[in-house]
Amino acid sequence: MALAVILIQGGIRDIIMTGEPLWEVKLIELITPIIGGGLLGGCIALILNRLRKSHP
């Protein structure tokens, strides 16, 4: 989960620091926050799934 947050934070920071409009940002710069967001969503889904199973 920490890796996902770091990927999102670092990717968004890189996009903001470029100073270019979002539509001119290269795809490679957008991959990091996209992967981080997917990883974070997966972690949250696993945590919620375990919580749901532990409380009948």
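**View 1. Leu51 sits in helix α2 of this predicted model, which spans residues 27-54.** Helices are DSSP runs of H or I with at least four residues, strands are runs of E with at least two, and both are numbered from the N terminus. Leu51 has 44% relative accessibility, so this residue counts as partly exposed. On that scale, buried means under 20% relative accessible area, exposed means over 50%, and partly exposed lies in between (1.4 Å probe, protein chains only). Ile31 also lies in helix α2, and at 34% relative accessibility Ile31 counts as partly exposed.

The model is predicted, so local features need pLDDT of at least 70 and side-chain atom pairs count only at pLDDT 80 or more, while totals for chains, interfaces and linings use all residues. Residues are numbered from 1 along each chain as its sequence is written, and side-chain values use heavy atoms, with hydrogens and water left out.

**View 2. A nonpolar surface patch brings together Met1, Ile44, Ile47, Leu48 and Leu51.** Together these residues have about 450 Å² of accessible area, a value from the Shrake-Rupley method with a 1.4 Å probe, where for residues only the protein chains shown count as cover. Patch members have over 30% relative accessible area and no salt bridge; nonpolar side chains (Val, Leu, Ile, Met, Phe, Trp, Tyr) are joined within 5 Å, and like charges within 9 Å.

**View 3. Asp14 pairs with Arg13 in a salt bridge.** Their closest N and O atoms are 3.7 Å apart; the term asks for a side-chain nitrogen of Lys or Arg within 4 Å of a carboxyl oxygen of Asp or Glu. The structure holds one such bridge. Asp14 counts as partly exposed because its relative accessibility is 37%.

**View 4. Ala4 is found in helix α1, residues 2-18.** Here is a residue to look for inside: Ala4 is buried, with a relative accessible area of 0%. The C-alpha atoms of Ala4 and Thr32 are separated by 9.4 Å, although the two are 28 residues apart along the chain.

**View 5. Stepping back, the chain has two helices and zero strands.** Its radius of gyration is 15 Å, well over the 10 Å that the globule rule gives for 56 residues, so the chain is more spread out than a compact globule. This radius is taken over C-alpha atoms, and the rule is 2.2 Å times the number of residues to the power 0.38.
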